[in-house]
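Dear colleague,

Please find the structure below, handed over for your records.

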Amino acid sequence: MTQRRPGFPARLDLPAAARRPGSVVSAAASARHAQPSGVGLDSQAVRARMVRKLAEQGISDPAVLAAMSAVERHGFVDTALINQAYEDTSLPIGLGQTISKPSVVARMIELLLGAGRQADGRLGRVLEIGTGCGYQAAVLSQVATEVYSIERLRGLHDKARENLRPYRLANVHLLFGDGMAGYAKGAPYAGIIAAAGGDALPLAWTEQLALGGRMIAPTQMASGQQALVVVDKTPQGLKQTVLEAVHFVPLKSGIA
Ligand code: SAH
C-alpha cells in the first residue's frame, strides 16, 4: 500500500493567537508573542502525542493520522476548554451539542476511507451531517476533494464558519439546513458521515450516496443502544454492517 500523505490546501498550524487572543499558540508563536510562562503550549507536540495515542488505539491509515495531526482541535473549542482540546474526550460546543472525541472522529474517517479512494489517494465528495464547531469538516478537508457539511442550528453554523475562516479551506462548503434531506446539489457522494444519531437512516442519504460509496452513521438499534452503522452501496444493493456502541447527540429534523 502506498503511504500517501494528503496534500494540504492550507497551513493548518496557523498560530491561534492570530485569530483568538489569549489562546494556545505554537512554541514558535508563543516566543514571538511573549506569552506568560505556563500559558503557552506547543500545540504541534501535543497533537503529535494525541496522534501517537490514536495509532496505539488502532488507527493505522497514514492519511487519517496526518489529517488529525494537521488540524488544530484547540481552534474549535471555547477558550475555557483549550487545555482539554487534545484529550480523548468529547467537549461542549454550545447549544447542547458536543465535538466528538478525536478517537471517534479518526475511527469514522478511517472507516469512510476504507471503501476505496481515488487514484490520488483522496476520497471524492463527502457529505457531513452535523457541522457543529467545524472540526470534523476540517479533518475531512484533508482527505477528501470536497466537503459539504450541513448544520441545522444557525448558531453553530455561524460558529463553524468563524472557526474555519482562518484556515481558508477552499474545499469545505458549509450549509445551513436540515441534513435529514441530505444535499442533493452535491450528490452523488463518495462518502456520507453523520455526527448525530437517529433511529433510521434517511432515504435521502442512501439516494445521494454514489455507487461504490460508503456511509457511516450512528444509529439507534432496536435495543435502544446507539451503534456505528456502515452502509456500502454496491452493485448488488446496500450492505449494512453494525459496529461498536457509540454516544452521539440526537439527529433532529428541522432548523433552529
Ligand atoms: N462534527 C461536529 C460534531 C457536532 S455534534 C464537530 O466536529 O463539531 C452534531 C451536530 O449535528 C450538532 O451540531 C447538531 O445540531 C447537528 N444536527 C443534528 N441533527 C441535524 C440535522 N438533521 N441536520 C443537520 N445537523 C444536525
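Helices (H or I, at least four residues) and strands (E, at least two) are DSSP runs, and they are numbered from the N terminus. The structure is a predicted model, in which local features need pLDDT of at least 70 and side-chain atom pairs count only at pLDDT 80 or more, while totals for chains, interfaces and linings use all residues. Residues are numbered from 1 along each chain as its sequence is written, and side-chain values use heavy atoms, with hydrogens and water left out.

I begin with the backbone. The peptide bond that runs from Ala-187 to Pro-188 is cis, its omega being near 0°. Pro-188 is placed in the loop between strand 5 (172-176) and strand 6 (189-194). Most peptide bonds are trans, and most residues other than glycine have a negative phi. Leu-95 has a positive phi, near 55°, and belongs to the loop between strand 1 (91-94) and strand 2. Arg-168 likewise has a positive phi, near 45°; its place is the loop between helix 6 (154-164) and strand 5.

For exposure, the terms are as follows: buried means under 20% relative accessible area, exposed over 50%, and partly exposed in between (1.4 Å probe, protein chains only). Leu-95 is exposed because its relative accessible area is 56%. Arg-168, at 69%, also counts as exposed.

The next matter is the ligand. A residue is near a molecule if one of its heavy atoms lies within 4 Å of it. There are 27 residues around the ligand, and those that come nearest are Thr-98, Glu-151, Asp-178, Gly-179 and Lys-252. By class, this shell holds 14 nonpolar, 8 polar and 5 charged residues (Ala, Val, Leu, Ile, Met, Phe, Trp, Tyr, Cys and Pro count as nonpolar, Asp, Glu, Lys and Arg as charged, and the others, Gly among them, as polar). At least two shell residues are supplied by each of strand 2 (97-99), strand 3 (123-129), helix 5 (135-141) and strand 4 (144-151). Strand 2 gives the largest share, 3 residues.

Which atoms of the ligand lie 3.1 Å from Glu-128 and Cys-133? For Glu-128, a nitrogen atom of the ligand is 3.1 Å from an N or O atom in the side chain. For Cys-133, an oxygen atom of the ligand lies 3.1 Å from a backbone N or O atom. The protein covers 99% of the 570 Å² of accessible area that the ligand has on its own; accessible areas come from the Shrake-Rupley method with a 1.4 Å probe, and for residues only the protein chains shown count as cover.

Cys-133 itself lies in the loop between strand 3 and helix 5 and counts as buried because its relative accessibility is 3%. Its C-alpha is 9.7 Å from that of Pro-92, although the two residues are 41 apart in sequence.

Two further residues may be noted. Ser-103, in helix 4 (residues 102-113), is buried at 13% relative accessibility. Phe-248 is in the segment after strand 9 (237-245) and is likewise buried, at 13%.

Yours sincerely

How values were computed: A polar contact is a pair of N or O atoms within 3.5 Å; within protein, one must be able to donate a hydrogen and the other to accept it, and residues adjacent in sequence count only if both atoms are side-chain atoms.
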